[in-house]
Amino acid sequence: MTALPPCPACGSAFTYEDRAMLVCPECGHEWTATATAADEPDTVFRDANGNPLQDGDTVTVIKDLKVKGSSLVVKVGTRVKNIRLTDGDHDIDCKIDGIGAMKLKSEFVKKA
């Protein structure tokens, strides 16, 4: 049996073959057997309108967002300055005036 390479996205050793693709059951990443991590482009984070986001950008919230674990709500139109982009489920780390440190998904913001 041939040893399969670990997942380039999460490093899991539990990869399996599905026709010509390799699949990671833990993170769902799919890649070809000939592809390497250097072949894959860096992740580009995009806002709700498809504009690319960068660290330090200012964004505007496009939907009321409830803050988990409290009764606070981030209202539509709230401007968030100096964002930091991160990997994971929530793409944006930021600080919102009156609320504090937050993690936001890029699909709920637009570039200002």
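Let's start at Asn82, which is found in the loop between β7 and β8. Strands here are DSSP runs of E with at least two residues, numbered from the N terminus. The phi angle of Asn82 is near 55 degrees, a positive value in a residue other than glycine. Arg19 also has a positive phi, near 60 degrees, and is not a glycine either. Arg19 sits in the loop between β1 (16-18) and β2 (21-23). With a relative accessible area of 81%, Arg19 is exposed. As for the terms, buried means under 20% relative accessible area, exposed means over 50%, and partly exposed is in between, with a 1.4 Å probe and protein chains only.

A quick word on what you're looking at: this is a predicted model, where local features need pLDDT of at least 70 and side-chain atom pairs count only at pLDDT 80 or more, while totals for chains, interfaces and linings use all residues. Residues are numbered from 1 along each chain as its sequence is written, and side-chain values use heavy atoms, with hydrogens and water left out.

Now for the sheet. Three strands make up an open sheet, ordered β7-β4-β11, with antiparallel pairing. At the edges are β7 (79-80) and β11 (109-111), each of which pairs on one side only. Two strands count as paired if DSSP finds at least two bridges between them. Strand β4 (residues 59-61) is joined to β7 by 2 bridges, and the two run antiparallel. Thr60 has Arg79 of β7 as its bridge partner.

On to the charged pairs. Side chains of opposite charge can pair when their charged atoms come close. A salt bridge here is a side-chain nitrogen of Lys or Arg within 4 Å of a carboxyl oxygen of Asp or Glu. The whole structure has 3 of these salt bridges, and here they are:

| Salt bridge | N to O distance |
|---|---|
| Asp57 and Lys111 | 3.5 Å |
| Asp89 and Lys105 | 3.7 Å |
| Lys103 and Asp93 | 3.4 Å |

Asp57 lies in the loop between β3 (30-32) and β4, while Lys111 is in strand β11, so this pair links distant parts of the chain, 54 residues apart. Asp57 is buried at 14% relative accessible area, whereas Lys111 is partly exposed at 34%. Asp89 is in the loop between β8 (84-85) and β9 (92-96), and its partner Lys105 is in the loop between β10 and β11, 16 residues apart. Asp89 counts as exposed at 56% relative accessibility, and Lys105 as partly exposed at 25%. Lys103 in strand β10 and Asp93 in strand β9 are 10 residues apart. A pocket is an open set of points on a 1 Å grid over the protein atoms alone, where a 1.4 Å probe fits, with protein on both sides within 12 Å along at least five of seven lines; lining residues have an atom within 4 Å of a point. The lining includes Lys103 and Lys105, which also take part in salt bridges. β10 (100-104) and β5 (65-66) each supply at least two lining residues, and β10 gives the largest share, 3 residues.

Notes. Helices (H or I, at least four residues) and strands (E, at least two) are DSSP runs, numbered from the N terminus.
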